[in-house]
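Please read them with the coordinates open.

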Amino acid sequence: MLISKKLQKKEMFSKAESGVVDVISHLGESIEGVTVRQLAAKAYVSTSVVIHVCNKMGFDGYRDFVAAWMEEMRYLKNHFREVDANFPFTKQDPLQDVMTSIAKLYSETSSDTLSMAKEADFQKAVRLLQKAVDIHVFCIGDFISCGQVFADRMMRIGRNVTVTDNMGRQFFFSGNMSEKDCAIVLTYTGTTEKTIEIMNHLYSHHVPVILIVGMGEQTIRKMSDVVLTLTTREHLSSNIGSFTSSVSASPFWICCMHAISEVNMRRQWKEELHIHMSMRKTESLHQH
């Protein structure tokens, strides 16, 4: 969940803490360079109240919070300028305008996802998947179909992936995996009770986890081996469809599949070459 969205949950904070939240929201990007003492003075509270707000948001301290806040501010400012990810069209729009808006939205989503992608993270994710005995995808809602598509495509390159929309089964699987397996947890906010419970199961069993999640502070990021960030511009409570989040997950599947397929093909080529050389050696011995 985005920090700015989490700060809007006033019920999380006391009256004094709410004053700090209001100052942070008002400052926006201007918070960069503001010390914890200066922020406390602006909110008419002690520095300990500011630190407490940061802790409630899941950060170890003020500096960590400011760094994450600035990253989020830059992200929100520089992406999705043309099309509203939540309402990319209205009922009054002509069909051609709707088609154009969706095309632009998908293009912006792909560019946004690419801007946050790190090759080293993809490579680590591929290594985890490559050596895993069993691979399970854990997700809910619209992401179930994304997981099923991934499982189908992985099957085509010789890897079995388990994904189910039954939460009981997901809890069962998460509690019976081992360090030899690999879990892919796909979640937009990373803050639902079910997702956190599954992550606790996986973490306690030392299961390697690839977390695909929206930008923002999530405790489960610290419980994961690799974190891949989704496009994060949808409001879960007010949108007409999960246009961007579903599209944003696709590049992760494709890159992982391509790399795993390449490794499998390279391994197969080496095995075939070894067999070929052994046959030639045997033929040579028979001739002599």
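1. Salt bridge. This is a predicted model, and the structure holds one salt bridge. E17 and K56 form that contact through their side chains, at 2.8 Å from N to O. E17 belongs to helix 2 (residues 15-27) and K56 to helix 4 (residues 47-56), so the pair ties together parts that are 39 residues apart in sequence.

2. Burial of the two partners. Are E17 and K56 buried or partly exposed? E17 has a relative accessible area of 4%, so E17 is buried. K56 reaches 32% relative accessibility and therefore counts as partly exposed. The cut-off behind both calls is that buried means under 20% and exposed over 50%, with partly exposed in between.

3. In which order do the five strands of the open sheet run? The order is 2-1-3-4-5, and the pairing is parallel. Strand 2 (161-163) and strand 5 (226-230) are the edge strands, and each pairs on one side only. From one strand to the next, the twist averages 20°.

4. Strands 3 and 4. Strand 3 (residues 182-187) and strand 4 (residues 209-214) run parallel and are joined by five bridges.

5. Cover over strand 4. How many of the six residues of strand 4 are buried? Six of six are, and the strand is mostly covered. Both faces are covered. V209, L211 and V213 are buried on one side. I210, I212 and G214 are buried on the other.

6. Cysteines. The disulfide count comes to zero. C146 is in no disulfide: the nearest cysteine sulfur, that of C139, is 7.6 Å away. C146 is buried, at a relative accessible area of 10%. C182 is buried too, with a relative accessible area of 0%.

7. Aromatic pairs. How many aromatic pairs does a search of the whole structure find? The search finds three. One of the ring pairs is F59 with F65: the centres are 5.6 Å apart and the planes stand at 80°, so the pair is edge-to-face. The angle cut-off for that label is over 60 degrees. F59 and F65 are both buried. Together with W69, F59 and F65 form one aromatic cluster.

8. M1 sits in the segment before helix 1 (3-7). M1 has 17% relative accessibility and so counts as buried. M1 and T187 are 186 residues apart in sequence, yet their C-alpha atoms are 9.9 Å apart in space.

Notes. Residues numbered from 1 in each chain as written. Predicted model: local features only at pLDDT ≥ 70, side-chain atom pairs only at ≥ 80, totals over all residues. Heavy atoms only, no water. Disulfide = S-S within 2.5 Å. Buried < 20%, exposed > 50% of the residue type's maximum accessible area, 1.4 Å probe, protein only. Phe/Tyr/Trp six-rings, centres within 6.5 Å; stacked < 30°, edge-to-face > 60°. Salt bridge = Lys/Arg side-chain N within 4 Å of Asp/Glu carboxyl O. Helix = DSSP H or I, 4+ residues; strand = E, 2+ residues; numbered from the N terminus. Pairing = 2+ DSSP bridges. Axes fitted to C-alpha atoms, helices over the stretch in contact; angles between N-to-C directions.
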